Amino acid sequence: MPLKKNSLFESKLGRILICLYVALVLCICCLPCFVLATNGDPLTVVNNLSSFVFSLIRAVGMILLGWGIVQVGLSFQSHDPSQRSNGFLTLAGGLVITFAKEILDLIIS
């Protein structure tokens, strides 16, 4: 399906915003996140591993959040209600996945 003339990808601001978002996601996903632990305390190892796993989950949530924003934006241009509902569902899922650690901390405490 070809893009329309007033598409988000054809405007200069849209291209800049998408490039910035892709650069941010690549920096978060590709830069090393070291899991450091001391030799004596096994609980520290588990906590560091837990924070590493939650940072990976947060990166996936940010990707879903960005894809949801793109879907909602494209649905407003094409006036497609089913695409709009899918976009909002992806957006909500991305928010939940991005803030999963904070949500779990609120439930536990």
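The model is predicted: local features need pLDDT of at least 70, side-chain atom pairs count only at pLDDT 80 or more, and totals for chains, interfaces and linings use all residues. Residues are numbered from 1 along each chain as its sequence is written, and side-chain values use heavy atoms, with hydrogens and water left out.

Start with the protein chain in cartoon view. There are four helices and zero strands (DSSP runs, H or I of at least four residues for helices, E of at least two for strands, numbered from the N terminus). Of the 109 residues, 15% count as buried (under 20% relative accessible area; exposed is over 50% and partly exposed lies in between, with a 1.4 Å probe and protein chains only).

Next, select Thr-90 in helix H3, residues 81-98. Thr-90 is buried because its relative accessible area is 19%. Beyond its neighbours within four places in sequence, Thr-90 is in contact with Leu-64, Trp-67, Gly-68 and Gln-71 (heavy atoms within 4.5 Å).

Now select Leu-95, Val-96, Phe-99, Ile-103, Leu-104, Ile-107 and Ile-108, which form a nonpolar surface patch with about 670 Å² of accessible area together. The elements that give two or more residues to this patch are H3 and helix H4 (100-108). Patch residues have over 30% relative accessible area and no salt bridge; like charges are joined within 9 Å, nonpolar side chains (Val, Leu, Ile, Met, Phe, Trp, Tyr) within 5 Å. A salt bridge puts a side-chain nitrogen of Lys or Arg within 4 Å of a carboxyl oxygen of Asp or Glu. Areas come from the Shrake-Rupley method with a 1.4 Å probe; for residues, only the protein chains shown count as cover.

Finish on Ile-108 in helix H4, which is exposed, with a relative accessible area of 72%.
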